[in-house]
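Here's a quick briefing to read alongside the model. Keep the sequence and the 3D view open as you go.

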Amino acid sequence: MPASTLQNPWRLLLAINAAVILGVFIHKIQLPPYVPYIHLLVDYHFGFIKRALIGAMVALVTDKVPVWLVFALGGVTWLVTLGLFSRLFQKTFGFTAKTLPLFVFMAGSPFFLKNFMHTLGHFDIYGCALALVLLLMPARSLLFVATAALFAVILVLIHHIHLLMYVPTIVTIVVVRHYLAYGLNRGNIAFGSVALLIVSTLFFAAQFWGTMPIPEADFVAYLKTRMADPSRTDLLQFAYIWYQPLVKEVLDTWGRLPHNILGVPVFALLIWLHTPLWRFFANLIGALESEMHRRLIIAALIGISLAYVVMFAMVFDYSRWISNWAVCMFLILHAVKTLPAPRETPLIPAEDRNTNIFGLVVTLIPRVGIIRPF
């Protein structure tokens with residue numbers, strides 16, 4: 001290998017990431033799409049229920065849902081997310097030799113696109129994709145705030161846990177790109193407050209009144225009518241989640257806690273491997289012109305993190321939650337870059353030996369997982 005490649009290996013690491021993602025995809029399509037498939041079957045046939053928006057949209061197109069649609073829909077969403085993130089990175093930092101380490105640490109992170117490939121068909125990626133749209137679109141008018149509110153409503157209808165997963169990040173993006181950039185007035189404050197109230201009300205409606213109103217056996221019988229292959233009853237084993245109350249979810253999570261908590265040191269190690277990225281993010285915040293902006297960003301990061309702590313106490317898909325938390329940090333980093341700063345923050349060094357080692361390890365880790373690490 002040429003000495004120049006060893007000193008500046010980021011193009012090679014980008015190619016390795018592409019190969020790893022392909023490997024994760026090949027592995028993924030060999031696994032049964034249990035939860036993602038049943039989400040394509042459930043709609044509003046029996047009235048308003050939680051987790052039914054995607055299934056209702058699929059029902060507008062087809063009466064029978066084949067298993068391959070999970071991978072087709074998930075794959076298209078993944079490609080759209082990749083395109084949106086690439087466009088955002090180009091807009092924020094540009095693609096040059098100097099910015100390539102930053103791109104690899106984000107796009108090549110096992111928390112981000114690689115893990116979205118592993119969780120292909122799950123609902124997490126929709127929050128990321130819609131947040132990326134908000135980071136790309138103009139933010140001057142109340143249309144931006146209205147669009148963010150609509151996205152939040154869509155996400156809560158897809159899955160109500162998005163109120164904790166991506167809605168806080170969307171709120172932060174709105175505050176940074178609209179309210180901090182263009183100022184506060186009575187109209188936009190009132191509009192934003194009403195939007196938050198609507199989204200919160202919808203969440204509580206989905207959480208406490210969105211359970212399936214018919215017996216589970218009848219529900220399963222209906223789902224079979226929507227399956228392209230009704231004999232695949234193994235794909236319906238998670239029908240109970242449309243009947244499970246919040247208390248039961250919390251009890252299940254705490255019952256698994258002694259075993260699942262063993263993954264926390266691994267999560268901490270994965271976060272530590274992104275040290276060059278976190279250092280750049282901290283410097284970016286420190287370089288902001290306004291002390292108020294710095295404090296608001298720090299408060300937002302704490303608020304987003306606390307929302308994920310609540311999720312950890314409620315639902316046990318820990319690997320997914322920590323991965324999406326990291327993605328939210330990546331998104332906020334791009335939002336912070338739009339705020340005024342008197343000086344340019346130095347990028348991640350492209351030829352630093354320790355940074356290269358961190359980048360190589362991050363590149364070689366294929367994904368984080370769904371519940372437990374890897």
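A handy term to start with: buried means under 20% relative accessible area, exposed means over 50%, and partly exposed is anything in between (1.4 Å probe, protein chains only).

What you're looking at is a predicted model, where local features need pLDDT of at least 70 and side-chain atom pairs count only at pLDDT 80 or more, while totals for chains, interfaces and linings use all residues. Residues are numbered from 1 along each chain as its sequence is written, and side-chain values use heavy atoms, with hydrogens and water left out.

**The whole chain**

- The protein chain has 19 helices and zero strands; helices (H or I, at least four residues) and strands (E, at least two) are DSSP runs, numbered from the N terminus.
- The radius of gyration of the protein chain is 21 Å, which agrees with the value near 21 Å that a compact globule of 374 residues would have. That radius is taken over C-alpha atoms, and the globule rule is 2.2 Å times the number of residues to the power 0.38.
- Along its principal axes, the C-alpha trace spans about 60 × 60 × 40 Å.
- Of the 374 residues in the protein chain, 53% are buried.
- Take the contacts (heavy atoms within 4.5 Å) in the protein chain with a separation of 6 or more: 82% of them join residues 24 or more positions apart.

**Helix 14 against helix 17**

- Two packed helices are described by the angle between their axes and the distance between the axes.
- Helix 14 (residues 246–260) and helix 17 (residues 291–314) pack at an angle of about 85 degrees, with 7 Å between their axes. The axes are lines fitted to C-alpha atoms, for helices over the stretch in contact, and angles run from 0 to 180 degrees between N-to-C directions.
- Helix 14 and helix 17 are therefore roughly perpendicular to each other. The cut-offs: under 35 degrees is roughly parallel, over 145 roughly antiparallel, 65 to 115 roughly perpendicular, and the rest oblique.
- Helix 14 brings Leu-246, Glu-249, Val-250, Thr-253 and Trp-254 to the meeting, and helix 17 brings Phe-312, Ala-313 and Met-314.
- Sorted by type, the residues of this contact between helix 14 and helix 17 are six nonpolar, one polar and one charged. Here Ala, Val, Leu, Ile, Met, Phe, Trp, Tyr, Cys and Pro count as nonpolar, Asp, Glu, Lys and Arg as charged, and the others, Gly among them, as polar.

**Glu-249 and Arg-51**

- Glu-249 sits in helix 14 and counts as buried, at 8% relative accessibility.
- Not counting residues up to four places away in sequence, Glu-249 touches Arg-51, Gln-244, Met-314 and Val-315.
- Glu-249 and Ala-313 are 64 residues apart along the chain, with 9.4 Å between their C-alpha atoms.
- Arg-51 is in the loop between helix 3 (34–41) and helix 4 (53–59). Arg-51 is buried too, with a relative accessible area of 11%.
- Check the backbone of Arg-51: phi is near 55 degrees, a positive value in a residue other than glycine.

- Helix 8 (residues 124–136) is mostly covered, with eleven of its 13 residues buried. Among them are Asp-124, Tyr-126, Cys-128 and Leu-135.
- Met-137 lies in the loop between helix 8 and helix 9 (142–158) and is buried, with a relative accessible area of 19%.
- Leaving out residues up to four places away in sequence, Met-137 touches Phe-144, Thr-147 and Arg-177.

- Met-227 is in the loop between helix 13 (216–226) and helix 14. Beyond its neighbours within four places in sequence, Met-227 has contacts including Tyr-37, Lys-64 and Leu-236.
- Met-227 and Pro-66 are 161 residues apart in sequence but 6.6 Å apart in space, C-alpha to C-alpha.
- Ser-323, in helix 18 (residues 318–336), is buried, with a relative accessible area of 2%.
- Leu-347, in the loop between helix 18 and helix 19 (353–364), is partly exposed, with a relative accessible area of 30%.
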